[in-house]
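Student: I would like to learn how to read this structure with you. Could we go through it step by step?

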2 protein chains.
Amino acid sequence: MTGKRGAPAPIYGRVALIGIGLIGSSMARAIRRGKLARHVACWTRSAATRDKARGLKICDSVHDRIVDAVGDADLVVLCAPIGANAELAAAMAPALKPGATVSDVGSVKQAVVRDVGPHVPEGVHFVPGHPVAGTEHSGPESGFAELFERRWCILTPPPGTDRDAVERLTRFWQAMGSRVETMDPAHHDRVLAITSHLPHLIAYTIVGTVTDLEDHLRREAVEDGRLVERNEVIKFSAGGFRDFTRIAASDPVMWRDVFLNNREAVLEMLGRFSEDLAALQRAIRWGEGEKLESWFIRTRDIRRGIVEAGQAGTFKATEPEKG
Amino acid sequence: MTGKRGAPAPIYGRVALIGIGLIGSSMARAIRRGKLARHVACWTRSAATRDKARGLKICDSVHDRIVDAVGDADLVVLCAPIGANAELAAAMAPALKPGATVSDVGSVKQAVVRDVGPHVPEGVHFVPGHPVAGTEHSGPESGFAELFERRWCILTPPPGTDRDAVERLTRFWQAMGSRVETMDPAHHDRVLAITSHLPHLIAYTIVGTVTDLEDHLRREAVEDGRLVERNEVIKFSAGGFRDFTRIAASDPVMWRDVFLNNREAVLEMLGRFSEDLAALQRAIRWGEGEKLESWFIRTRDIRRGIVEAGQAGTFKATEPEKG
């Protein structure tokens, strides 16, 4: 399928992005780079963010009313924190074009089916999606066209969804550089609870623990009779802590909504983690070196698997290493 | 202070490295690059590792007997897992030269003072040290001369230590690119427990939890009637998990010894972390969105502090990102 002069035809005519943060603005850039749509429209709640988006010139049109953004769109992608989905879906429903596809980029999929599904009119396709990609930065200025390259995008179409609509959205994500996989929303939520949601929760926890402790360490040090800088914990973060701080700098509202909307799976994974942590804690207290060592040897293999699977590396570093 | 033809004079005549893994072999390379010693000798327990070190040609001499390595050395640096320190210190003590300095690179300092201190003969200086730098790789082939650049090295000399010996070792680490700080061993162990030891323990825990769960998720998927690849967790690791796997691939014996030898501080920090995790768990269970959001907002600031302090970035990536 090619357009005039041999260039590939756009996959969609008009794409509407509802929300223009890290993910939405990266999509806008990737769509434009690949000429994947004839027109990229966007709407977002905050007038200040709309002004930012206008200034960045990454969309063809930025709308003050959500119905104007989605009107005549062939693909509408919800890119807002998932807690806002129900309200946004209800607001845009009257303006959706028959034959259009509604999708999203949320990190939880059962909640999206629950919140958005009932608002999708007859004749409009509904294909929830989740690009497994991100950085610790947020806002329209933080996006970049390469964000999705070599990353997975998981689609969770309800049973009976139009096959052409799924195939078209698959080609769309592939054209942005992603590998696409289709799965059941419940399975998605369990896999992501352990690969993403629990790691984020743990990183948020320890960074908070450390922040509190900093004051405590400082007081102690003064009692020792010497002056210690406030940022001693920051100073020595290269020993491992800094890897957690990057994850824990991710968007607070987005992550609040993830935990509230994938509660069961996150609590289950957290329970497993806490049991294992208690076992290692006990091994440390009782000096059980062999138990610790055999656990640590086992964890090496999974890293090797990740390196081999081509998922190694870290969040895209958008800031240079300074020093 | 310059040698002939204006080149800086070596800081030490002969340096003996006891252990030649990631840290020892990086020191050997950095010493040679900077011409910081006239001779680098090394000993390590395993004959196979000694052969590797010989093959890499990163030392001037590799010895089968520890006394031959330390004889006539001006600086002896213990670079083995800290659980081996007492035995190694006893074995090398008879061969130490008066006026020499004994140091180490261990991640725990009170245990080094306890295990090595009693074996250091009269007339030999004892200046424990800890370069806060590393990667998840181990063995002599994994070292590189730049490992210590812009990283902190913490020295914990006992009260009354010869000032010239401390000053000389400080210059040595600075010449390898480090920033040097001196502190009390107990304070070091508490600061590192939170900035390094606890993060490693948590990463080891979650990677183990996930490994167990992989089988479970696979069984479930088969029950759903579809085939799922064994490495589904690995596949979607870009969502956060992979950052933990890198840390959890660190040397198992080294880390076993760290936890066994900094037990009190690690257990204390772990207690604080567990309390905070329980509080967030409760907030998720009860749907307390505001509590979650305010916690997540707070953790952003510390990341900004780390970026400003020039300690951002990740472990040196010695493997390219594939995909």
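Predicted model: local features only at pLDDT ≥ 70, side-chain atom pairs only at ≥ 80, totals over all residues.

Student: In which sense do β7(B) and strand β8 of chain B pair?
Tutor: Strands are DSSP runs (E, at least two residues; helices are H or I, at least four), numbered from the N terminus. Two strands pair if DSSP finds at least two bridges between them. Here β7(B) and β8 (residues 152-155) of chain B are joined over three bridges, and the sense is antiparallel.

Student: What is the order of the strands in the open sheet of chain B?
Tutor: The sheet has three strands and mixed pairing. Its edge strands, each pairing on one side only, are β7 (129-131) and β9 (179-182) of chain B. The order is therefore β7-β8-β9.

Student: What angle does the direction of helix α6 of chain B make with that of β8(B)?
Tutor: Helix α6 (residues 163-175) of chain B packs on this sheet and touches β7, β8 and β9 of chain B (contact: C-beta atoms, placed from the backbone, within 7 Å). Axes are lines fitted to C-alpha atoms, for helices over the stretch in contact, and angles run from 0 to 180 degrees between N-to-C directions. The angle is about 165°.

Note on methods
Residues numbered from 1 in each chain as written. Chains lettered and ligands numbered in written order. Contact = placed C-beta atoms within 7 Å.
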